[in-house]
Amino acid sequence: NVHLERPWGILIHEDHVYVTECRYNTILQFQLPNLTLVKRVGKEGSGKEDFNHPSQLAISPDQHLYIADQRNHRIQVMTTDLTFKNLLCHLKMSHPIDVKFLEEELFVLSYDNPCIQVFSLSGKKIRSLVTK
């Protein structure tokens with residue numbers, strides 16, 4: 001049995017569905033077509049595999065999950081089987097709420113200091129649009 005109280009983001013990739021759950025600070029992986037729970041990772045905190053209000057997620061060209069970890073001001077990178085890979089917390093983000101890929105570029109939308117930032121897969125800032 002899976003209880004979703006505050007789901008925030010959803011991503012469908014191949015034969016899996018990934019959901020961010022803000023209430024429990026977890027990421028859930030379901031198997032298609034029956035939506036059987038495969039794995040759940042995360043708890044509230046600031047370490048690896050910890051989250052503080054995970055929001056949206058995206059799949060990179062090299063098949064990794066990038067998860068906006070809003071209140072930890074970072075992007076957490078995991079493999080598609082939800083194994084920790086990397087933290088992108090050096091990117092000077094303020095409450096990242098969404099992540100999307102266009103080819104090899106990671107687009108990050110932040111809401112506290114409204115802006116769009118674009119990074120390479122290695123985390124190097126390429127450009128930004130500041131709206132304030």
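Pro 7 stands opposite Glu 21 of β2, in a model that is predicted. β1 and β2 run antiparallel and are joined by six bridges. Elsewhere in the structure there is an open sheet of four strands, and the largest nonpolar core has 12 residues. A search of the whole structure gives five salt bridges and one aromatic pair.

**The β1–β2 hairpin**

- Two residues lie between the strands of the hairpin that β1 and β2 make.
- Glu 14 in this hairpin has a positive phi, near 50°.

**The four-stranded sheet**

- The strand order is β5-β6-β7-β8, the pairing is antiparallel, and the sheet is open.
- β5 (54–59) and β8 (84–88) are the edge strands; each has a single partner, so one side of each lacks a neighbour in the sheet.
- On average, and with direction ignored, neighbouring strands of this sheet are turned by 20° against each other.
- Between the antiparallel strands β6 and β7 there are six bridges.
- His 64 has Thr 79 of β7 opposite it.
- In a regular strand, side chains alternate between the two faces of the sheet.

**Nonpolar cores**

- The 12 residues of the largest nonpolar core include Ala 58, Tyr 66, Ile 75, Leu 88, Met 93, Phe 101, Val 108 and Phe 119.
- At least two residues of this core come from each of β6 (64–69), β7 (74–79), β9 (96–102) and β10 (105–110).
- Met 93, a member of the largest core, touches His 73, Arg 74, Ile 75, Leu 88, Val 108, Ser 110 and Gln 117, when residues up to four places away in sequence are not counted.
- In soluble globular proteins, nonpolar side chains tend to be buried together.

**The aromatic pair**

- The structure's one aromatic pair consists of Tyr 66 and Phe 101, placed edge-to-face with 4.8 Å from centre to centre and 80° between the planes.
- This pair links distant parts of the chain, with Tyr 66 in strand β6 and Phe 101 in strand β9, 35 residues apart.
- Tyr 66 counts as buried because its relative accessibility is 4%, and buried means under 20%.
- Both Tyr 66 and Phe 101 also belong to the largest nonpolar core.

**Salt bridges**

- Among the five salt bridges is one between the side chains of Glu 5 and Arg 23, at 3.2 Å from N to O.
- That bridge links distant parts of the chain: Glu 5 is in the segment before β1 (7–13), and Arg 23, 18 residues away, is in the loop between β2 (16–21) and β3 (26–31).
- Glu 5 is partly exposed at a relative accessible area of 41%, and Arg 23 is partly exposed at 40%.
- Lys 43 and Asp 50 form another salt bridge through their side chains, at 2.7 Å from N to O.
- Arg 74 forms a salt bridge with Asp 69, where the closest N and O atoms are 2.7 Å apart.
- Arg 74 and Asp 69 are both buried, and Arg 74 is also one of the residues touched by Met 93.
- Side chains of opposite charge can pair when their charged atoms come close.

Conventions
Residues are numbered from 1 along each chain as its sequence is written. This is a predicted model: local features need pLDDT of at least 70, side-chain atom pairs count only at pLDDT 80 or more; totals for chains, interfaces and linings use all residues. Side-chain values use heavy atoms; hydrogens and water are left out. A salt bridge is a side-chain nitrogen of Lys or Arg within 4 Å of a carboxyl oxygen of Asp or Glu. Buried means under 20% relative accessible area, exposed over 50%, partly exposed in between (1.4 Å probe, protein chains only). Two strands pair if DSSP finds at least two bridges between them. A nonpolar core is a set of buried Ala, Val, Leu, Ile, Met, Phe, Trp, Tyr and Cys residues joined through side-chain atoms within 4.5 Å. Contact means heavy atoms within 4.5 Å. Axes are lines fitted to C-alpha atoms, for helices over the stretch in contact, and angles run from 0 to 180 degrees between N-to-C directions. Rings of Phe, Tyr and Trp (its six-membered ring) pair if their centres lie within 6.5 Å; planes under 30 degrees apart count as stacked, over 60 as edge-to-face and the rest as tilted.
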